[in-house]
Amino acid sequence: MVGPFFEAKGGLPANVNGLAGSATTSAAVARRIWKNPRNWYANLQNAKFPGGAVRGQLYRGDW
């Protein structure tokens with residue numbers, strides 16, 4: 001499943017060095033992520049690295 005966070009057609013400003021955001025999904029997908037977050041990851045892509053510039057594995061956390 002692909003869930004876009006945002007789109008910056010003109011690219012991000014040069015002074016941006018961090019991003020934050022959220023996306024919505026169905027209750028069914030949210031339950032699947034909650035039950036086994038290790039099966040899911042975030043993959044940020046850009047023009048230079050269309051296959052993925054940054055990848056982050058999801059995990060349940062320490063709470």
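A contact here means heavy atoms within 4.5 Å, and of the contacts in the protein with a separation of 6 or more, 17% join residues 24 or more positions apart. The structure is a predicted model, in which local features need pLDDT of at least 70 and side-chain atom pairs count only at pLDDT 80 or more, while totals for chains, interfaces and linings use all residues. Residues are numbered from 1 along each chain as its sequence is written, and side-chain values use heavy atoms, with hydrogens and water left out.

The pLDDT, the predictor's confidence in each residue from 0 to 100, averages 81 over the protein, and 83% of the residues score at least 70. Taking helices (H or I, at least four residues) and strands (E, at least two) as DSSP runs numbered from the N terminus, the protein has one helix and two strands, which follow the pattern α-β-β along the sequence. Confidence is highest in helix α1 (residues 27–35), at a mean of 91, and lowest in strand β1 (residues 41–44), at 85.

Buried residues, those under 20% relative accessible area with a 1.4 Å probe and protein chains only, make up 5% of the 63 residues.

R55 lies over the face of Y41, 3.9 Å from the ring centre, and the charged end of R60 is placed over the ring of W34, at 4.6 Å from its centre.

Definitions and conventions:
Lys NZ or Arg CZ within 6 Å of the ring centre and 35° of its normal. Buried < 20%, exposed > 50% of the residue type's maximum accessible area, 1.4 Å probe, protein only.
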